[in-house]
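Welcome, and please load the model in your viewer. We will go from one selection to the next, with a short note on what to look for at each stop.

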Number of protein chains: 2
Amino acid sequence: MELMEKKMDLFIKKCKQEGLKITPQRIAVYEILLNSKSHPTVEEIYEEVRKRYPFVSLATVYRTVETLEQVSLVRKVCYWGSSARYDANTEDHHHIVCIKCGIIRDIHVQGEPQISEKPEDFEVLGYSINFYGLCSSCKKNHSST
Amino acid sequence: MELMEKKMDLFIKKCKQEGLKITPQRIAVYEILLNSKSHPTVEEIYEEVRKRYPFVSLATVYRTVETLEQVSLVRKVCYWGSSARYDANTEDHHHIVCIKCGIIRDIHVQGEPQISEKPEDFEVLGYSINFYGLCSSCKKNHSST
DNA sequence: ATACCTGCAAAGGCTTTGCGGTTCG
DNA sequence: CGAACCGCAAAGCCTTTGCAGGTAT
């Protein structure tokens, strides 16, 4: 996978640009987000990080994802009151969310939505489309709940 | 405004249907949500309710909105880590959100988005489109921030 | 009369923060 | 070396819950 390495290079470059130091914790968090398609919660990232570095604290993971978000290396996504989740894919894309377990996956959508009547003076900067439903594993267990 | 009264009638009917008691607190919360276009937070609803009934507790407002959500009389919406907001408009519609103050307004959108590659086995139940940007009052103060 | 609802206060999650010591550049 | 960063523990939101008394039907 050289795509990963390319992204890690960009990560390092971006950090230097922004005056952020390259620490093992930061690399670990970003790498985990790059490797994951499920948009993990901070807790999940934390558990993953600790497999490599058992001494890392939860607060550090919180601080790291916030820092990375500020420099647009990751995105924060939150749905339905569950805890925040993070996404290393910062390109234009949308999400499909399981209403039961909260897992999120990236999707692409054709065409652009058009607002019929925009509130006056509202400056639109972007949009996101969220599909929701049941993922395969939750669908299986759905009847038995 | 007889539309309001019509909606209040539906509210009463729905409550009876569901075996919910019609209490002043419930009426107040629902009325406030009906009258508001800004999708208030629980805290905001609470402050509004207390103008009429100074003895009402915050816990009651939390319980009330949750109950109303369960019987589909209101909808919970949450964006960007700010606290949850509630919406008495349960018809199909989408939202436009100010990234600065968090205010939400309803909008309508033309056409339906089409997913290019849906993850296998994911059962799609619905979708929502969220536009984000700056509302008029935040846009004014933007340069001075 | 009774099942449901409320106010109060305490507890529960998730997230942030202050501090002193550590590490990167 | 200095600024940025980290681990730890404590504190801060927002939200939920247990209980005893009150209210709608």
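Start with Arg26(A): an N or O atom in its side chain is 2.4 Å from a phosphate oxygen of DNA strand D, a polar contact (a pair of N or O atoms within 3.5 Å; within protein, one must be able to donate a hydrogen and the other to accept it, and residues adjacent in sequence count only if both atoms are side-chain atoms). Before moving on, note that this is a predicted model, where local features need pLDDT of at least 70, side-chain atom pairs count only at pLDDT 80 or more, and totals for chains, interfaces and linings use all residues. Residues are numbered from 1 along each chain as its sequence is written, chains are lettered from A and ligands numbered from 1 in the order in which they are written, and side-chain values use heavy atoms, with hydrogens and water left out.

**Stop 1: around DNA strand D**

Select Arg63(A) next, where a side-chain N or O atom sits 3.0 Å from a base oxygen of DNA strand D. Of the atoms of DNA strand D that come within 4 Å of the protein, 68% belong to sugar and phosphate. Colour this surface by class and you will find eight nonpolar, five polar and five charged residues (Ala, Val, Leu, Ile, Met, Phe, Trp, Tyr, Cys and Pro count as nonpolar, Asp, Glu, Lys and Arg as charged, and the others, Gly among them, as polar).

**Stop 2: around DNA strand C**

Which residues come nearest to DNA strand C? Of the 19 around it, they are Lys21(A), Tyr62(A), Thr23(B), Arg26(B) and Thr60(B). Sugar and phosphate make up 70% of the atoms of DNA strand C within 4 Å of the protein. Zoom in on Lys21(A), whose side chain has an N or O atom 2.8 Å from a base oxygen of DNA strand C. On chain B, a side-chain N or O atom of Gln25(B) is 3.0 Å from a sugar or linking oxygen of DNA strand C, and a backbone N or O atom of Ser57(B) is 3.2 Å from a phosphate oxygen of DNA strand C.

**Stop 3: helix packing in chain B**

Show H2 (24-35) and H4 (58-70) of chain B; helices (H or I, at least four residues) and strands (E, at least two) are DSSP runs, numbered from the N terminus. H2(B) and H4(B) pack at about 70 degrees with axes 10 Å apart (axes are lines fitted to C-alpha atoms, for helices over the stretch in contact, and angles run from 0 to 180 degrees between N-to-C directions). That makes H2(B) roughly perpendicular to H4(B), a label for 65 to 115 degrees. By class, their contact (heavy atoms within 4.5 Å) has five nonpolar, four polar and one charged residues.

**Last stop: two loops**

Finish at Ser72(A), in the loop between H4 and strand S1 (75-77) of chain A, with a positive phi near 65 degrees. Ser72(B) lies in the loop between H4 and strand S1 (75-77) of chain B, and its phi is positive too, near 60 degrees.

Note on methods: A residue is near a molecule or strand if one of its heavy atoms lies within 4 Å of it. Angles under 35 degrees count as roughly parallel, over 145 as roughly antiparallel, 65 to 115 as roughly perpendicular and the rest as oblique.
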